[in-house]
Amino acid sequence: MKRPFFLLAFLMWMPVSLLAQTNQSRQHLLFDNDWRFSLGHAADPAKDFNFSLETIYSKSGNAANTAANPRFDDKAWQAVTLPHDWLVKLPNTYSPSFDVMAHGYKPVGGYFPENSIGWYRKHFNVAKTDSGQRVSIQFDGVFRNCQVWLNGFYIGRNESGYSGFSFDITDLVEFGKDNVIVLRVDASQYEGWFYEGAGIYRHAWLNIYSPAHLSPDGLFLYSTFTGDKATLHAETELTNEARKNTTLQIQTRLTDRSGKLIGATAWQSVSLNAGETKKILQQIPAGVSHRWSLEDPYLYRVTTVIKQNGKISDSLQQRFGFRTVEIKTNGVFLNGQHVVIKGVCNHQDHAGLGSALPDYMQYYRIGLLKEMGTNAYRTSHNPPTPELLDACDSLGMLVLDEQRLLNSSPEYMSQFERLIKRDRNHASVFIWSIGNEEGWIHTNSYGKRIAQTLIAKQQELDPSRTSTYAADVANVFNGVNEVIPVRSFNYRQYAVADYHRDHPNQPIIGTEMGSTVTTR
C-alpha cells in the first residue's frame, strides 16, 4: 500500500529533476530527444559506414565518407529517445561463449559483430544569443568505448560504460545554425559478468554557461556538528576560461525545502586570472538542523550564486541532508544511533527494460526495497546513474557507492575521481568501495599499492567518508586488507569471527553475504 506514496513523491519532485534547468546564465538542457540510431558492424567496414576504410583522423574536421560526416543522410535510421539500450530488444541466443550466457543470452560481443557497434546522430541548434558563452555536452552513461564527433570534428573517447563524461565543444559549435553530433559506441568488450546493455542508456545534457563559472562537479558540501548545532561547509571551485582577468562575487545560501532562508554567507570577492581555477571555502551556521535519516530523509537546498559586474552570471542549487555517519568496530552509527545494515547488492538493469530505465523506476525499486525492510543499497559493481542516488536521498536509503575496477592507472583514476566528485554531496552515500573481488591482485603488493593510491584520492576529494573493498577471501590480511579502512567480506561468513579476533580494531562489513549460490 505504500507504493503510490513513493510514486507521488517522485512526481512532485520531477520538474526539478527532468526539465531544462536555466537561470540568468547557466542552462542545463535535457538532450534526450530526436536522436537517430543504426547498428554498425565490428568486422565489416562496409557495413560500419566505412569507418575502418576512411582516414578520418588525418585532418581536423575531416569525417570523410562515414556516418561521422555532418552531411551524412541518416533519414533511414531509427528514431530513438534517450535513454536507449539497443541490446534489450535483440532476441535471446544460445552460444557456448560464457560472455553471452553471462549477459542474458543476448547476441553481443566477439561472436556477434553485427550487433556490437551502434551509431547515434543528432541535429541541434544553439541560439545565436549564446555566442560568447561556453558550451559542453554531457553524457551520464554510454556502454561502452564511445567516440564522439561534432560537425565532423573528432572530440574524444570515453572507455567506461558506467562513468559519466563531458566535453567542452565551444570552439566547434555553430551558433544559430544546424549542428550535428555523432557517437560510435562499441559494445564488443564487456566490463562485467552481468547484463550491461549497450548504447546511450542514461541521460544526455547540453550545458551553456558563462566563461567564468562554477567548475563542473566543483561544489563539495559537508556538515559538522557541535552538539545539536550544525555548520554547513561549502568548498567551491571557480574557473575563469575567459581570455582576460576577472573578479567574481560568490554567495552560498541555505534554505529549507519550503524555500525559507536558514542562512547565507556574505558576498565574497574572488579575483581570477585568465585560465585560473580557485577553491573558495565558506561556512553557514545552521542552528539546530533537521537531520536526514532513514525514517525522515529531510533535504535542505543549498544555492551557490556567482555575480560578475554586478549581475548574476552563474548559479547552482543542490539538495543536501545534514547527518553524521560513523563506522566503528561495533557498527554503523547514523546521527549517533546504531543502525544494523540490512543491505542488498543490485545491478542497474531491470527485467524487460534492460539498462535504459525511466527515472521513476529508480523510485519504484527503492520503494519496494524499503517495503521489504532494506535500509542499504550497494551499487554492484559500478558507478550508478545519478537518478538512483536522487531516489535514495529522497526515500531514505543508505548507499555503498562502488568503483568498477581496482586500478590506479590514469584511466581508472579519472573514473574514480569523476565518481567521487559527482556523488559526494548525496546524503545517502555513507561509504565508498574501491573495487570488488580482484582475485588476481588483492592479496599481493599490487593490490596494496593500488588501494593506497585510491584511498589517498578518496580522502583528498571527500575526507568526510571512508572506504572499503569487497573481498572474496577468508582470514587473509596481506594486500588490500592491510590498508583498507573497513574490511569487507563477500560470502566467507565462516571466516569473519577469526578475522575479527586477529584484527579487532578494523571495522568489518558484509558486502555480499548471500546469493542464489549460497545460503543466507
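In which helix is the place of methionine 101? In this predicted model, methionine 101 has its place in helix α2, which spans residues 98–102. Because its relative accessibility is 33%, methionine 101 counts as partly exposed, and together with Tyr94 and Tyr105, Met101 makes a nonpolar surface patch of about 330 Å².

From this patch the reader may turn to a pocket. The second largest pocket has a volume of about 1,000 Å³. Its lining consists of 43 residues, of which Cys345, Gly510, Thr511, Glu512 and Met513 are the closest to its centre. Several elements give two or more residues to this lining, including the strands β20 (325–328), β21 (331–334), β22 (337–339) and β23 (343–346), as well as β24 (376–379), β26 (429–436), α7 (496–502) and β29 (508–512). Among the contributors, β29 gives the most to the lining of the second largest pocket, with 5 residues. By residue class, the lining of the second largest pocket divides into 21 nonpolar, 17 polar and 5 charged residues.

Side chains of opposite charge can pair when their charged atoms come close, and a search of the whole structure finds 19 salt bridges. In one of these, the side chains of arginine 378 and glutamate 402 meet with an N to O distance of 3.0 Å. Arginine 378 lies in strand β24 and glutamate 402 in strand β25 (residues 398–402), so this pair ties together parts that are 24 residues apart in sequence. Arginine 378 counts as buried because its relative accessibility is 4%, and glutamate 402, at 0% relative accessibility, likewise counts as buried.

A second pair has another setting. Lysine 448 forms a salt bridge with glutamate 482, and the closest N and O atoms are 3.2 Å apart. Since lysine 448 lies in helix α6 (residues 445–461) and glutamate 482 in the loop between β27 (467–470) and β28 (486–490), the pair ties together parts that are 34 residues apart in sequence. Lysine 448 is partly exposed, with a relative accessible area of 27%, and glutamate 482 is also partly exposed, with a relative accessible area of 33%. In the pair of aspartate 73 and lysine 75, the closest N and O atoms of the salt bridge are 3.7 Å apart, and both residues are exposed. Salt bridges also link Arg134, Asp168 and Glu241 in a network.

The backbone deserves a careful look as well. Most residues other than glycine have a negative phi, and most peptide bonds are trans. Here, the peptide bond from phenylalanine 143 to arginine 144 is cis, with omega near -15°, and arginine 144 is found in the loop between β6 (134–139) and β7 (146–150). The peptide bond from serine 380 to histidine 381 is cis too, with omega near -5°, and histidine 381 lies in the loop between β24 and α4 (386–395).

Positive phi values occur at two loop residues other than glycine: alanine 64, with phi near 55°, is placed in the loop between β3 (35–39) and β4 (78–80), while glutamate 437, with phi near 45°, is found in the loop between β26 and α6. Glutamate 437 is partly exposed, because its relative accessible area is 29%.

Note on methods. Residues are numbered from 1 along each chain as its sequence is written. This is a predicted model: local features need pLDDT of at least 70, side-chain atom pairs count only at pLDDT 80 or more; totals for chains, interfaces and linings use all residues. Side-chain values use heavy atoms; hydrogens and water are left out. Patches are made of residues with over 30% relative accessible area and no salt bridge: like charges are joined within 9 Å, nonpolar side chains (Val, Leu, Ile, Met, Phe, Trp, Tyr) within 5 Å. Accessible areas come from the Shrake-Rupley method with a 1.4 Å probe; for residues, only the protein chains shown count as cover. A salt bridge is a side-chain nitrogen of Lys or Arg within 4 Å of a carboxyl oxygen of Asp or Glu. Helices (H or I, at least four residues) and strands (E, at least two) are DSSP runs, numbered from the N terminus. Buried means under 20% relative accessible area, exposed over 50%, partly exposed in between (1.4 Å probe, protein chains only). On a 1 Å grid over the protein atoms alone, a cavity is a set of points where a 1.4 Å probe fits but cannot get out, and a pocket is an open set with protein on both sides within 12 Å along at least five of seven lines; lining residues have an atom within 4 Å of a point. Grid points are joined across faces, edges and corners, and a volume is the space filled by probe spheres set on the points. Ala, Val, Leu, Ile, Met, Phe, Trp, Tyr, Cys and Pro count as nonpolar, Asp, Glu, Lys and Arg as charged, and the others, Gly among them, as polar.
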